[in-house]
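Subject: The structure I promised you

Hi,

Here is the structure we talked about.

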Amino acid sequence: ADLENEIVGTFDNMTFRSSVDNLTEDSKREGVEVSLVARPTRSLDIVGSYTYTDSVQVRNGVEQREVRRPEHMARLDVNYRFRNDRAQVGLGVVYNGDMDDLEFISATPETVVTLDNYTLVRLSGSYRINENVQWYGRVENVFDESYEEVFGFNTPGLGAYTGIRVKLGE
């Protein structure tokens with residue numbers, strides 16, 4: 001599919017100003033997505049997906065891979081319920097393939113750089129204490145993966161979150 005009149009942000013290193021431009025060339029995207037949803041037992045859910053995207057645009061007269069569009073992305077989520085569905089544990093894995101981005105820091109603005117692929121792992125769990133109270137928690141980026149989604153911008157490392165949900169009334 002062709003994307004016409006795409007709006008993109010640009011940055012001028014000389015004036016330190018950003019603007020929004022309408023690309024005159026079309027970007028082209030082709031690909032395939034597949035997904036799987038399985039419930040091998042009443043207590044176990046498995047959801048997986050894979051996306052292949054071939055995404056190119058013309059930049060300065062040259063056809064190049066579109067920025068921040070990985071060719072390969074995949075995801076797997078496994079959720080297990082137990083103790084009469086009062087408790088659950090989950091595992092999530094996200095893979096993002098390498099992708100091109102633009103580097104605006106140097107004297108040669110808009111130099112194309114390649115961001116490395118990365119895999120993130122998430123663990124989660126919850127326990128329903130009674131009909132109105134549930135404890136939940138999750139650990140994001142379990143292996144403290146260092147990665148970039150945008151060149152030069154940090155992303156979160158290992159993070160742990162927990163809380164209590166309380167349902168008031170009906």
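Let's start with asparagine 96: which residues does it touch, once those up to four places away in sequence are not counted? They are Pro70, His72, Met73, Asn117 and Tyr118. Asparagine 96 sits in strand β8. With a relative accessible area of 9%, asparagine 96 is buried, because the cut-off for that label is under 20%. Keep in mind that this is a predicted model, so every value here is computed from predicted atoms.

Now go to aspartate 77, in strand β7 (residues 72-82). Is aspartate 77 buried or exposed? Its relative accessibility is 18%, so aspartate 77 counts as buried. If you skip the neighbours within four places in sequence, aspartate 77 is in contact with Asp45, Ile46, Val47, Leu91, Gly92 and Arg122. Take glycine 92 from that list: aspartate 77 and glycine 92 are 15 residues apart in sequence, while their C-alpha atoms are 4.4 Å apart in space.

Zooming out for a moment, the protein chain has 13 strands and 0 helices. It has 170 residues, and 22% of them count as buried. If you take the contacts between residues at least 6 apart in sequence, 47% join residues at least 24 apart.

Next, the aromatic rings. A pair of aromatic rings is described by two things, the distance of the centres and the angle of the planes. How many aromatic pairs does a search of the whole structure find? There are 2. Tyrosine 80 and phenylalanine 82 make a stacked pair, with 5.8 Å from centre to centre and 15° between the planes. Tyrosine 80 counts as partly exposed at 39% relative accessibility, and phenylalanine 82 is partly exposed too, at 30%.

Tyrosine 118 and tyrosine 147 also form a pair, and this one is tilted: the centres are 4.4 Å apart and the planes are at 35°. Tyrosine 118 belongs to strand β11 (residues 118-128), whereas tyrosine 147 is in the loop between β12 (133-140) and β13 (159-166), so the pair ties together parts that are 29 residues apart in sequence. Tyrosine 118 is buried, at 5% relative accessibility, and tyrosine 147 is buried as well, at 13%. You have already met Tyr118, by the way, as one of the residues that asparagine 96 touches.

Two arginines are worth a look while you have the rings on screen. The charged end of arginine 138 sits over the ring of tyrosine 161, at 4.4 Å from the ring's centre. Arginine 165 lies over the face of tyrosine 136, and there the distance to the ring centre is 4.1 Å.

Last stop, the second largest pocket. Its volume is about 170 Å³. Which residues lie nearest its centre? They are Leu120, Val121, Glu140, Asn141 and Tyr147, out of a lining of 14 residues. So tyrosine 147 turns up again: it is buried, with a relative accessible area of 13%, and it is among those nearest the centre of this pocket. Strands β8 (87-96), β11 and β13 each supply at least two residues of the lining. By type, the lining residues of this pocket divide into 8 nonpolar, 4 polar and 2 charged.

Happy clicking!

Conventions
Residues are numbered from 1 along each chain as its sequence is written. This is a predicted model: local features need pLDDT of at least 70, side-chain atom pairs count only at pLDDT 80 or more; totals for chains, interfaces and linings use all residues. Side-chain values use heavy atoms; hydrogens and water are left out. Rings of Phe, Tyr and Trp (its six-membered ring) pair if their centres lie within 6.5 Å; planes under 30 degrees apart count as stacked, over 60 as edge-to-face and the rest as tilted. Buried means under 20% relative accessible area, exposed over 50%, partly exposed in between (1.4 Å probe, protein chains only). Helices (H or I, at least four residues) and strands (E, at least two) are DSSP runs, numbered from the N terminus. A charge sits over a ring if NZ of Lys or CZ of Arg is within 6 Å of the ring centre and within 35 degrees of the ring normal. On a 1 Å grid over the protein atoms alone, a cavity is a set of points where a 1.4 Å probe fits but cannot get out, and a pocket is an open set with protein on both sides within 12 Å along at least five of seven lines; lining residues have an atom within 4 Å of a point. Grid points are joined across faces, edges and corners, and a volume is the space filled by probe spheres set on the points. Ala, Val, Leu, Ile, Met, Phe, Trp, Tyr, Cys and Pro count as nonpolar, Asp, Glu, Lys and Arg as charged, and the others, Gly among them, as polar. Contact means heavy atoms within 4.5 Å.
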